[in-house]
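Please read each task with the sequence and the structure in view before you go on to its solution.

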Amino acid sequence: MTVSPEEPAGAHADERPTREDGFAPLADYAGIGDGRSVALIARDGSIDWWAVPDLHGVPAFAALLDPEDGGRVALRPVEPFTAERGYVGDTNVVATEFTTPSGRVRVTDSLNTGVAGRLPWSELVRRVEGLDGSVELAWDVAPGTALGVLAPWAEETASGALLALDDTTMGVRFSGEQGHEVTGRSVRGSFVTSPGSRSLLAVVATSGEPLYLPDAEQLDARIERTIRGWQDWSDTLSWSGSWEKAVRRAALALKLLLYSPTGAIAAAATTSLPERLEGGKNWDYRYTWVRDTAYTLDAFVRLGLHEEVHAAVSWLLATVERHGPSLQPFYTLDGELPAGSRRRDAPGYRRSAPVVDGNDAAGQLQLGPYGDLFQTVFLCVQEGHVLDMRTARLLADLADRCCDDWQRRDAGMWELHDEQHFTLSKMSCWQALDRASRLADSGHLPGNPGRWRAEAGRARDWVAEHCWSERRQAYTLHAGTDELDAGVLLGARFGFDRGPRMAATIDAVREELGTGPLLHRYSGMQEEEGAFLACSFWAVEALAFTGRLEDARRLMDDVLALTDGPGLLSEMIDPRDGSLLGNLPQALSYLALVNAACAVDEAERGEA
């Protein structure tokens with residue numbers, strides 16, 4: 001269904017936006033993107049996060065983490081106002097209607113794209129249309145300090161108002177007779193709307209290259225082209241099952257996180273949003289995890305998105321080969337190895353420091369990526385891809401390595417510092433060797449499928465003997481403990497176990513780790529962090545794969561009821577008040593949603 005800009009899809013109830021100590025609730029943010037970066041817009045009209053021009057680059061606007069010095073692109077009525085907001089149909093363009101005592105205006109926000117897709121520069125455009133009465137709006141384009149490491153500056157030039165932040169150059173464009181002022185670090189102005197009026201505010205940016213400054217008419221026209229481009233993409237989604245609205249919105253959010261210069265898929269668009277407001281669990285997710293890539297491709301294959309699948313798989317396999325022979329848990333969006341982390345001098349979201357740039361988990365041994373990689377290749381071959389010989393030999397070598405590595409302790413899916421024989425890691429190795437042997441049997445891989453099949457059997461037997469608790473009637477977090485892990489429910493998706501033991505594990509996990517429809521990651525996390533949203537969707541999948549379709553549907557409905565609205569899904573939800581925690585938009589949350597809906601649909605058709 002196409003929705004016009006006059007009728008934003010999923011509109012937020014008309015109410016006055018609020019902030020606490022300068023911070024907006026995470027649920028108040030909507031996202032726009034251009035295939036290269038993502039901007040987050042609060043409901044009060046402030047763009048509080050935009051890394052320019054690349055998602056993993058310099059966060060020129062980061063008021064999300066530092067309201068005083070982080071920087072923002074603000075546009076809002078001068079008078080008190082209420083706001084109603086939603087996406088423009090099946091797109092990642094946002095429309096907000098502000099209502100004041102004197103009138104009503106609509107603001108349409110877009111990170112523009114061009115005729116052939118992504119523009120070679122970044123183009124953030126905010127169109128303002130007068131609907132009723134007259135409304136005075138104030139705007140401020142104020143880059144920040146890039147989390148305490150750079151000093152922005154602004155100047156008026158013959159080409160107009162320009163801003164600079166290190167190698168990033170930004171031009172501020174506006175239409176009509178708007179007055180503006182260039183200060184030492186920002187450009188600001190104001191204007192008044194009338195019924196039928198149309199004004200424009202735009203920021204055009206490049207990094208380390210000349211800056212092209214389009215005129216206002218070009219910028220305005222590209223909003224319509226961007227809407228059409230998103231709608232054309234959405235029309236290719238092949239999904240007619242249950243929860244269609246949620247699935248389509250999830251696919252659009254995932255598309256935001258696909259970094260088009262390489263085909264990599266970012267885990268999230270932000271860094272350092274806390275998993276608990278007391279601080280201490282703040283991570284940078286602007287990388288691509290092998291796990292998330294596998295789950296994304298699983299979702300995209302089911303939705304008929306073949307171009308994205310090919311781009312991501314090709315990039316992932318080339319990256320793995322370049323940095324082999326060991327398989328890393330994640331890589332940069334440019335396909336390089338992460339270089340560790342640095343703490344930045346910024347207060348963090350709601351004063352929950354630290355703010356980090358980078359991620360230290362890169363050096364960990366994680367066995368899960370074996371299963372993720374081979375599942376990715378297995379799906380692609382099923383979809384008609386043919387492996388080249390170089391890739392096939394690489395995969396055969398990795399399968400041989402997995403035969404040895406599955407017996408080792410590792411950091412597990414949750415990237416813990418205490419290495420253990422994690423149950424999910426063993427299940428993932430079983431998945432890798434099972435898929436490798438099946439690929440070899442069908443002629444897609446060289447090597448010895450007999451060995452891979454035998455080691456897969458040993459891994460399965462080892463889990464059955466060492467990772468099952470008779471007392472708990474559940475698969476445990478790792479060998480030698482009775483603690484539970486919601487992640488082991490993924491074993492149902494893998495096909496490792498869809499029988500009585502997995503069914504009993506679902507019940508044990510929901511009883512110990514659950515708060516209503518929400519689940520925490522593993523034992524003890526109720527006291528340390530919010531509920532992990534993906535875990536609830538994994539439980540839906542496991543219920544569907546073990547034949548409990550009515551329970552699966554009920555749980556899916558309950559979880560979606562908690563996440564309804566035009567905002568973005570984050571990593572976690574605080575069960576105490578329903579507020580969002582963790583980085584956003586969070587790929588894993590959306591992936592789990594799509595795959596859960598697909599699992600229920602497939603189980604009902606008898607295809608699971």
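On a 1 Å grid over the protein atoms alone, a cavity is a set of points where a 1.4 Å probe fits but cannot get out, a pocket is an open set with protein on both sides within 12 Å along at least five of seven lines, and lining residues have an atom within 4 Å of a point. This is a predicted model, in which local features need pLDDT of at least 70, side-chain atom pairs count only at pLDDT 80 or more, and totals for chains, interfaces and linings use all residues. Residues are numbered from 1 along each chain as its sequence is written, and side-chain values use heavy atoms, with hydrogens and water left out.

**Exercise 1. Find which residues line the second largest cavity, and which elements supply them.**

Step 1. The lining consists of Ala294, Tyr295, Asp298, Asp372, Gln375, Gln431, Arg493 and Phe494, around a volume of about 60 Å³, where a volume is the space filled by probe spheres set on grid points that are joined across faces, edges and corners.

Step 2. Helices (H or I, at least four residues) and strands (E, at least two) are DSSP runs, numbered from the N terminus. With these, α3, α5 and α9 each supply at least two residues of this lining, and the largest share, 3 residues, comes from α3.

**Exercise 2. Describe the lining of the largest cavity.**

Step 1. The largest cavity has a volume of about 130 Å³ and is lined by 15 residues, of which Arg291, Gly368, Pro369, Asp372 and Met413 lie nearest its centre.

Step 2. At least two lining residues come from each of α3 (290–302), α5 (368–382), α7 (423–441) and α9 (490–494).

**Exercise 3. State which residues lie closest to the centre of the largest pocket.**

Step 1. This pocket has a volume of about 720 Å³. Of its 36 lining residues, Trp283, Trp414, Glu415, Leu416 and His417 are the closest to its centre.

Step 2. The elements that give two or more residues to this lining are α3, β20 (340–344) and β21 (355–359), and β21 provides the largest share, 3 residues.

**Exercise 4. Determine how many disulfides there are, and where the cysteine sulfur nearest to that of cysteine 429 lies.**

Step 1. With a disulfide taken as a pair of cysteine sulfur atoms within 2.5 Å, a search of the whole structure finds 0 disulfides.

Step 2. For cysteine 429, which is in no disulfide, the nearest cysteine sulfur is that of cysteine 402, 3.9 Å away. Cysteine 429 is buried, with a relative accessible area of 0%; buried means under 20%, exposed over 50% and partly exposed in between (1.4 Å probe, protein chains only).

**Exercise 5. Explain which parts are tied together by the pair of tryptophan 414 and phenylalanine 532.**

Step 1. Rings of Phe, Tyr and Trp (its six-membered ring) pair if their centres lie within 6.5 Å, and planes under 30 degrees apart count as stacked, over 60 as edge-to-face and the rest as tilted. Tryptophan 414 and phenylalanine 532 form an edge-to-face pair, 5.2 Å centre to centre with 75 degrees between the planes.

Step 2. Because tryptophan 414 lies in the loop between α6 (389–405) and α7 while phenylalanine 532 lies in strand β26 (residues 531–532), the pair ties together parts that are 118 residues apart in sequence.
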